[in-house]
Amino acid sequence: LPSGGGELQSGVARGVLPAVVDNAAVLTLSQLDSKTVNFEMKEIDLAASVDGIVNTLSLTAASKGHTLTLDNADKPIFINGDRIRVEQTIINIVSNAIKYTPEGGRIHVALLENGKNVEISVTDNGVGIPEEDLPRLFERFYRVDKGRSRRMGGTGLGLAIVKHAVLFHGGEISVRNREQGGLCFEFSLRK
């Protein structure tokens, strides 16, 4: 390539890669709706998966000056689930916390066995979400701050996909503002 070709390739990648990711999200949601997604249900160690995700995302968190912590992943917690969909769910929620928490924030992930379920919470000390937007947060294409979301990327489909995956695994998902500031996402997965 002539000089500057790297810049051209990088510019093309910036335009093409997000479009591919956006199309993949639309396809995934369409498949979930039509129930044509093949879930590969197997016994997975949820604690090990979450620990690996937190370790991987800790570099991204550190680049924004965040502290990312994890509780209760020191012993195996087994569930019957689709590893890819479960990990996609956790990555989406933790990544959103990293992305939308102002620099220097704290993000905490915790696991709790509760009878036949495992409860996972992801909390941050960010700005939270206006109460009137909380009920719509899991809707397709819904964005709380349209301008900021466009600048930060994404399709507005991630949390809709997350909700489908959690419901498929026999769980529930909710989000609330914390009294001390920030958000708390809580979801359960059946063992």
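Contact, in these legends, means heavy atoms within 4.5 Å. This is a predicted model, in which local features need pLDDT of at least 70 and side-chain atom pairs count only at pLDDT 80 or more, while totals for chains, interfaces and linings use all residues. Residues are numbered from 1 along each chain as its sequence is written, and side-chain values use heavy atoms, with hydrogens and water left out.

**View 1. Glu-103 in the loop between H3 and S4.** Not counting residues up to four places away in sequence, Glu-103 touches Lys-64 and His-66. Glu-103 is exposed, with a relative accessible area of 71% (exposed means over 50% relative accessible area, buried under 20%, and partly exposed in between, with a 1.4 Å probe and protein chains only).

**View 2. The packing of helix H3 (residues 83-100) and helix H5 (residues 158-168).** Helices and strands are DSSP runs numbered from the N terminus, with helices (H or I) of at least four residues and strands (E) of at least two. The two helices pack at an angle of about 140°, with their axes 9 Å apart; axes are lines fitted to C-alpha atoms, for helices over the stretch in contact, and angles run from 0 to 180 degrees between N-to-C directions. H3 and H5 are therefore oblique to each other, given that angles under 35 degrees count as roughly parallel, over 145 as roughly antiparallel, 65 to 115 as roughly perpendicular and the rest as oblique. On the H3 side, the residues that meet H5 include Arg-85, Gln-88 and Asn-92, and their partners in H5 include Leu-159, Ile-161 and Val-162. Among the buried residues of H5 are Leu-159, Ala-160 and Ala-165, and the helix is followed by Gly-170, whose phi is positive, near 75°.

**View 3. Leu-46 in the largest nonpolar core.** A nonpolar core is a set of buried Ala, Val, Leu, Ile, Met, Phe, Trp, Tyr and Cys residues joined through side-chain atoms within 4.5 Å. Of the 37 residues in this core, Leu-46 and Leu-68 touch the most other members. The largest share of the core, seven residues, comes from H2. Leaving aside neighbours within four places in sequence, Leu-46 is in contact with Ile-77, Ile-79, Val-86, Ile-90, Leu-111, Val-118, Ile-120 and Leu-189.
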